[in-house]
Amino acid sequence: MDFDLHASTIESSSADDIVHDIQNLGIKEEASTNITCFSDVFNDIPIHFQIICFPKQIYAWIGCQTARFGCLYAAASTRPNNIVSVTSLLGGTSDNTGAGIARRIVLKTGVPVTLACNIPKDSPMLEAHVEKKLIQKLIILGYTKSKAQAVIS
């Protein structure tokens, strides 16, 4: 199959026009995506974390003993009262462990959260420890509400 490579190229003036049009749309270059992975041990149980920080959203994965994906939750503030809504996207119908963590992360950070969680549902101490470690890392990464925002919501 023959085709002309030169016919499909954009002239430089057309490329400049496209760049100018995109700039006029008000699309701003956002901060880059940040991926953080770390592990911890609680009562001889290995816990693995992966956090992907987008400019206006957080994705986190918490794995307990294995690299299994677990249940997937999405949480975000809803209007008009800034109440946090959480939904289970995969699994999690009888397990609220990840839902509670996702809800509290949104309350503490103010940004929507997608959380994959593989924590046993009958371990409240493990759940508290995992949440504490995740919040500590999010604080280090700069994802926290100011005290004034926390009082308002």
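The model is predicted, so local features need pLDDT of at least 70 and side-chain atom pairs count only at pLDDT 80 or more, while totals for chains, interfaces and linings use all residues. Residues are numbered from 1 along each chain as its sequence is written, and side-chain values use heavy atoms, with hydrogens and water left out.

Let's start with the whole chain. Its secondary structure comes to 4 helices and 6 strands, where helices (H or I, at least four residues) and strands (E, at least two) are DSSP runs numbered from the N terminus. Read from the N terminus, the elements follow the order α-β-β-β-β-β-α-β-α-α. The accessible surface is about 10,100 Å², and carbon and sulfur atoms hold 56% of that surface; such areas come from the Shrake-Rupley method with a 1.4 Å probe, and for residues only the protein chains shown count as cover. Of the 153 residues, 33% are buried. Here buried means under 20% relative accessible area, exposed means over 50%, and partly exposed is in between (1.4 Å probe, protein chains only). Turning to contacts (heavy atoms within 4.5 Å), consider those with a separation of 6 or more: residues 24 or more positions apart account for 53% of them.

Now to helix H2, residues 97-109. At 1.5 Å a residue, its 13 residues should span 18 Å, and the 19 Å between its end C-alpha atoms agrees with that; the expected span is 1.5 Å times one less than the number of residues. Buried residues of H2 include Ile101, Ala102, Ile105 and Val106. What do the buried residues of H2 pack against? Their partners are strands E3 (57-64), E4 (71-78), E5 (83-90) and E6 (113-118), together with helix H3 (124-140). After H2 comes Gly110, with a positive phi near 80 degrees.

Just after H3, Gly142 has a positive phi of about 90 degrees.

Side chains of opposite charge can pair when their charged atoms come close. A salt bridge here is a side-chain nitrogen of Lys or Arg within 4 Å of a carboxyl oxygen of Asp or Glu, and the count by this rule is 2. One of them joins Glu127 and Arg104, with the closest N and O atoms 3.2 Å apart. Glu127 lies in helix H3 and Arg104 in helix H2, so this pair ties together parts that are 23 residues apart in sequence. Glu127 counts as buried because its relative accessibility is 16%, whereas Arg104 is partly exposed at 31%. Glu131 forms a salt bridge with Arg104 too, with the closest N and O atoms 2.7 Å apart. That pair again links H3 to H2, across 27 residues. Glu131 is buried, at 9% relative accessibility. Through shared partners, the salt bridges join Arg104, Glu127 and Glu131 into one network.

For a contrast, look at Asp40 in strand E1.

Thr114 in strand E6 is buried, at 15% relative accessibility. Leu89 in strand E5 is partly exposed, with a relative accessible area of 47%. Outside four places in sequence, Leu89 touches Leu72, Tyr73 and Ala74, and the contacts of Thr114 include Leu72, Tyr73 and Ala74 as well.
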